[in-house]
Structures are given as C-alpha cells and as structure tokens.
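Welcome! Open your viewer, get your selection tool ready, and let us take a walk through this protein together.

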Amino acid sequence: YQDKEEVVLWMNTVGPYHNRQETYKYFSLPFCVGSKKSISHYHETLGEALQGVELEFSGLDIKFKDDVMQTTYCEIDLDKGRRDAFVYAIKNHYWYQMYIDDLPIWGIVGEADENGEDYYLWTYKKLEIGYNGNRIVDVNLTSEGKVKLVPNTKIQMSYSVKWKKSDVKFEDRFDKYLDPSFFQHRIHWFSIFNSFMMVIFLVGLVSMILMRTLRKDYARYSKEEEMDDMDRDLGDEYGWKQVHGDVFRPSSHPLIFSSLIGSGCQIFAVSLIVIVVAMIEDLYTERGSMLSTAIFVYAATSPVNGYFGGSLYARQGGRRWIKQMFIGAFLIPAMVCGTAFFINFIAIYYHASRAIPFGTMVAVCCICFFVILPLNLVGTILGRNLSGQPNFPCRVNAVPRPIPEKKWFMEPAVIVCLGGILPFGSIFIEMYFIFTSFWAYKIYYVYGFMMLVLVILCIVTVCVTIVCTYFLLNAEDYRWQWTSFLSAASTAIYVYMYSFYYYFFKTKMYGLFQTSFYFGYMAVFSTALGIMCG
C-alpha cells in the first residue's frame, strides 16, 4: 500500500457460533452500510464460491496509516421487525467475520444480560491495524458501545481506526491464527508414536506368519509331490493349493469392481499430492485455496483412475470397457455432487451463503465433462494396451470348484467386519484433529502429521488385507477379490460411526441445515476414505 491508499474492509458472513457451516450474508441482518460507495471490484475463486464466501463492501472509509477518531458511519432505524432479527441473532450467539487485506477478523453481534430479558447490540467497532513497512500484518477488533435494543429508536453505528507499527514479518502474519498448543499437543505426538509401534508390530507379525506358514505349506506340498499316486489319493490334501485353478477367476461384477479400484488409486494420488503441496505452500493463508487445489489435482490425476481401472477390467476379461470408463470417471464426482446438490436445497431454503451459485455448478460440471472424462479416456486406453493382458501363472479351471463348509469366523462377511478395526485404530486420533479443524474454528496446518498418518494407514491396511486374504484362501474359498477390497474399505464404517460420536459429544451443533451438512459430508468423506483404503 501507498500512504493514504484505500484499505477495504470486506464484510463476509454472520452465523451462529456453534454451527460453523451455517452462515448468512452479513447484511441479511439489518445492519446499515457506511457512506462510501465506490469500490474496486472483487473477484472470487472457485474454492471460495463452493465454501460460501460472500464478500460485501462495508462502506467504511479507511486509508493506509490514516488514523480515524470515533466516527458515526450510519444509523439503524430500529422498528419491531429489525429488533426481532437482532434479538434472534443475539439469542443464538451470532457472530460475524470480516476481512482486511485477506486477514480474517471476528466480532460478536451482541449479548444478553443474565436473566435474558434485555438484549444489547455492540455498536462501536474499534480497529487496531498493525503495519510493517507498506504491508498490513496484524488486525485487531474490539467491540464496544453496548446499546440496549428498544423498539422505535435510532441506533448509531460508529468505528475508529488506529494504525501502529508492528515487527511481525509479512510471511508470518498468519501465525497468530494457528493453535500450536492444540495441534502439537503431547497427545498428538504420542498417538503418532503409538500408531508407529503398531505398524512395526504388524509388519513383523505378517512377515513372520507368511514366512513360517508358507514355508510349512511348501514343505507339506513338496512332500506330497514325492508320494506315489496311491498314497496321494488317500492323503487328505487341504489348504490354499487346492484353489490354484480358481484363484484367478474374474471377480463377480468386474465392472463395478474395477471402477472402484481405479477411483481408489486416484483418491490416494490426490491425497498424497495435496498433502505434499500443503506441506510446501501454506495453503491455509488464502480463502478457499485448499479446495481449489484439491479440485485441480483431482481433475489432473484422472489418467491414474483410467489406467488402473481400465487395465484391471481388461485383465478380468471385461468387454464393455467404455461403460467401465464412464462409471469409473463419474463415480466420485457423482457422489460428491449428489450430496452437495441435496444440501444445496436446504441451504437455499435457509437463504444461507453456503448455497452454491448456479454458475459454480456449471463450472464444476464442465470440469467433469471436458477435463476429467477425456483424461480418463487417455488413461483407460493406456491401461488396456500396456497392462491389459492377463498373465496368470496357472490356468483357470473350466468348472468352479465347490467351496467347502468353513467355521463362522472364516466367512467373508466376518473377515470384512474385522478387517477395518486396525486401520481405523491407527488413524482415529488424527481424525479428531481433522474433524475439529473442519467443524470448529481451528486452522489445520500440521500436514507433516497427516502425511505420516497416511503412510501408517497404508502399511496397516496392506498388512491386514494380506492376512485376511491368506485366511480366506486357506479355507479354500477363492472369492478373494471383493473380500480383500472390502476388508480394508470397512474402515469407512468405523469412521462414520466415530463421526456420530463426535457430533453428539464434541460439538454443540443444532438445526436441520448444520446437521444435514455434517452427516452428508461425513458420509462422502468416509466413503472416499473407504474406497482409497480398499
């Protein structure tokens, strides 16, 4: 900024403190606008539009390094309707958010006295702005001027601006919004260490089981090779060698199966890339930049989806590869957009600022059809041509062998339910931190932790599914594809169950809009996580 240059105070949203996602335009409450009208235009990004950022000019005249004494900028004519609106807002702990030079400031609308009969509005915004050189590095807001709400009176709204020199560097100006005592708590380090121990234990267990058991199995099978035919017919053969003619039989519903696998690979690639980008760049400093990055990376990694899904479908002998490509490409976008569309209806009914504008919806659909689909096609063609030929070490029998009776705990359904417990156990502390930063007012910035947890989750999932598949094949059941996918994907069910616990015990959310928003997007998050693990 030059000296005396205009500094814009943007009004963003107002809403109940306990429902972070339920926000309305600031001027949906009968606040009055300052006198200054002309303003340079503001452009919003895709991520902001999806997150319901609605910046409106406050009309306050602020100039760089130019102090303003307490000045009345407008007055509110308080008739009955307006008073009721303010009383409702104060009862529900409404507070508002503003931006100066992309720095967020929060303020409370008003307060009630102890017995809840009189309601007061804060009318005086006292701004203290810190500058370092020609940059704004720090903004503080003090609300003063408590005025009782009496019908048919006029309330004067005033502001003052004080500029002071500050030593904060421009790069570090967001540090005061971060909460190290919360995110870098001993518990957080301890949980990572705990999960890490579990990983070492699991890897040891799996390698030991496989080395010892497989060596035994091999010894047994090679001994049987040496017997003559008479003994072999009498001997009782059992174990995984029996299903060698069926184990490479294509899974049931190969079309859906390969689409899910392709989508899972893509979600994993997106998570990895976004976390790495967030570790390098501080994405939390710009509104909506995290979401914009994720959408961009998702569109760009579409060939991954096509490659893995298409090649698997070709190996399973699938014929309708174009249909598979469409399902693979639109599985995740349809799930996310479907949920968003449903929640959007409620947002429109509530007149909330979270309602996604029509233009943004069109933009997202265009990304799906003109970016994701063509890239997916490229990936599918590559996958079919490069690794679409089945190269199985043994032939598949013409007639499927009957699956013998087995104990109840060897049934695929039981294996699937038990498979998700360990991966969930390794991530659930991190879940708490991620949920808190999304549903409460914390800025998540410890992406190094998230990266470690992702790596731990991968290793645990791999170990668990190896063991599950071994047990299943040992019970001479060759339907291993879906079981191995679902025994990892069942993590999603546990995460969704945990989100119920979190809603009722850790938050104070209320109202149809916030509740449907919470459970709708938690379902999307859990499903995506499950597909990724699978």
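**Stop 1: two domains.** What you have on screen is a predicted model. Start by colouring residues 3–175, which the domain assignment calls domain 1. How far apart do the C-alpha centres of the two domains lie? The separation between the centres of domain 1 and domain 2 is 39 Å.

**Stop 2: where the domains meet.** Now look at the place where your two colours touch. Here 28 residues of domain 1 are in contact with 30 residues of domain 2. The size of an interface is often given as the accessible area lost when the parts come together. For domain 1 and domain 2, that buried area is about 2,800 Å², with 55% of it on carbon and sulfur atoms. Select Arg20, Gln21 and Leu50 next: these residues supply 27% of the area that domain 1 buries against domain 2, more than any other three residues.

What kinds of pairs cross the boundary between domain 1 and domain 2? There are 13 residue pairs in polar contact, counting pairs with both residues at pLDDT 80 or more, while the number of salt bridges between the two domains is zero.

**Stop 3: the domain 1 side.** To see which elements build this side, highlight strand S2 (9–16), strand S3 (24–25), helix H1 (46–51) and strand S7 (94–100); each gives two or more residues to the side that touches domain 2. Which of the elements gives the most? That is H1, with six residues.

**Stop 4: a disulfide.** The structure has one disulfide. Select Cys32 and Cys74 to find it, with their sulfur atoms 1.8 Å apart. The link is right-handed, with 65 degrees about the S-S bond. Cys32 sits in the loop between S3 and H1, whereas Cys74 belongs to strand S6 (residues 68–78), so this pair, 42 residues apart, links distant parts of the chain.

Stop 5: Side chains of opposite charge can pair when their charged atoms come close. The structure holds 16 salt bridges. For one of them, select Asp84 and Lys80, whose closest N and O atoms are 3.0 Å apart. Asp84 and Lys80 are separated by about one helical turn because they are four residues apart in helix H2 (residues 80–91).

Technical notes:
Residues are numbered from 1 along each chain as its sequence is written. This is a predicted model: local features need pLDDT of at least 70, side-chain atom pairs count only at pLDDT 80 or more; totals for chains, interfaces and linings use all residues. Side-chain values use heavy atoms; hydrogens and water are left out. Domain bounds come from an automatic or database domain assignment. Contact means heavy atoms within 4.5 Å. Buried area is the accessible area (1.4 Å probe) that two parts lose on being put together, summed over both. A salt bridge is a side-chain nitrogen of Lys or Arg within 4 Å of a carboxyl oxygen of Asp or Glu. A polar contact is a pair of N or O atoms within 3.5 Å; within protein, one must be able to donate a hydrogen and the other to accept it, and residues adjacent in sequence count only if both atoms are side-chain atoms. A disulfide is a pair of cysteine sulfur atoms within 2.5 Å.
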